[in-house]
Amino acid sequence: MVTGGAGFIGSAVCRRSVEAGWHVLNVDKLTYAANLSSLASVARHERYALVEGDVGDRALMDKVFAEFQPDAILHLAAESHVDRSIDGAAEFVRTNVVGSYVLLEAALAYWSGLEPGRREAFRFLHVSTDEVYGALGDTGLFTEATPYDPRSPYAATKAASDHLASAWFHTYGLPVIISNSSNNYGSYQFPEKLIPLAILNALKGKPVPVYGDGSHVRDWLYVDDHVSALFSILAQGRVGETYNVGGASERRNIEVVGAICDLLDELSPSVPIGARSKLIQFVTDRPGHDRRYAVDSTKLTQVLGWRAQENFESGLRKTVQWYLANEAWWAPIRQGTTDQRLGLRGSQS
């Protein structure tokens, strides 16, 4: 059972799960960031099914558990865009905190009624973010022991849901595992996030916005590598444990958009525009913007044997090539959006 399976990471999990031979039930509220086109390759597959609904609907969750009888849950349903959380935190609290609580309660009731063998094998994988740890200085890495210090409404709600998931393990014995990943990128990502936004704006000759001075650092993780890490954690991870998932690819935001512009100049040259780096435009930073994230995945690599297959250069090239080849996927989304800036509530600029 995958919650949020029509989103960016969730749809990748669904596609790969069906390919792996699993029966998959996708439970998704189908909000603005969900896109059923991302699931076109599995939508008619006999091992895939979709239930449109809210993880915060207890009656629906009880019904889903009773009918589908899952062996595992990958909980990815979440509001995830930091800028949107700044403008309106209430929906983030409802989905990320209350929704996770309701899902945990429904999962606990279901798990408690399983026969012993299935109870021992059952897993609840709560998928989270490195943003719960706050910000790093110029050096150091987030480890699983790093204290939580969320700085944005989004990060705070994900931290709360992490704590709930951990508490349901320690208090009730529900076999929960938590993962915290760095910034994901790749195909099918909603175009409000940095990399797809930069690709599509630069492709069309529009300004490519970079927050502040562009020196904010993120650790970038190719989405297919993240999915393979989740599968490793689900299969081999110890219940009650947390596993950090990073790409070991720290880049400043200005370096990321510069690389995108260079790749587009190579793969889709445009004489009227010239070098697309000229489109980069520094804009007002968002309030409370953490300067640097970087994730230590040693536990995941040494204990579970996971390794990322893509470095940033190879993953970014694949991503740009995918967006160039799949305008039919992103064009309808772009038509339904505006260039209105999000996330400036509380800004002193």
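Let's start at Val93, which sits in helix α4 (residues 90-112); helices here are DSSP runs of H or I with at least four residues, strands are E runs of at least two, and both are numbered from the N terminus. This is a predicted model, where local features need pLDDT of at least 70, side-chain atom pairs count only at pLDDT 80 or more, and totals for chains, interfaces and linings use all residues. Residues are numbered from 1 along each chain as its sequence is written, and side-chain values use heavy atoms, leaving out hydrogens and water.

Val93 counts as partly exposed because its relative accessibility is 38%. Arg334, over in helix α12 (residues 327-335), counts as buried because its value is 18%. (Buried is under 20% relative accessible area, exposed is over 50%, and partly exposed is in between, with a 1.4 Å probe and protein chains only.) Beyond its neighbours within four places in sequence, Arg334 is in contact (heavy atoms within 4.5 Å) with Pro191, Leu197, Leu200, Asn201 and Lys206.

Now for the sheet. It's open, with 7 strands in the order β3-β2-β1-β4-β5-β6-β10 and parallel pairing; strands pair if DSSP finds at least two bridges between them. The edges are β3 (48-52) and β10 (242-245), each pairing on one side only.

| Helix | Strands touched | Angle |
|---|---|---|
| α2 (residues 58-68) | β2 (24-28), β3 and β4 | about 175° with β2 |
| α6 (residues 153-172) | β5 and β6 (176-181) | about 155° with β5 |

Note on methods. Axes are lines fitted to C-alpha atoms, for helices over the stretch in contact, and angles run from 0 to 180 degrees between N-to-C directions.
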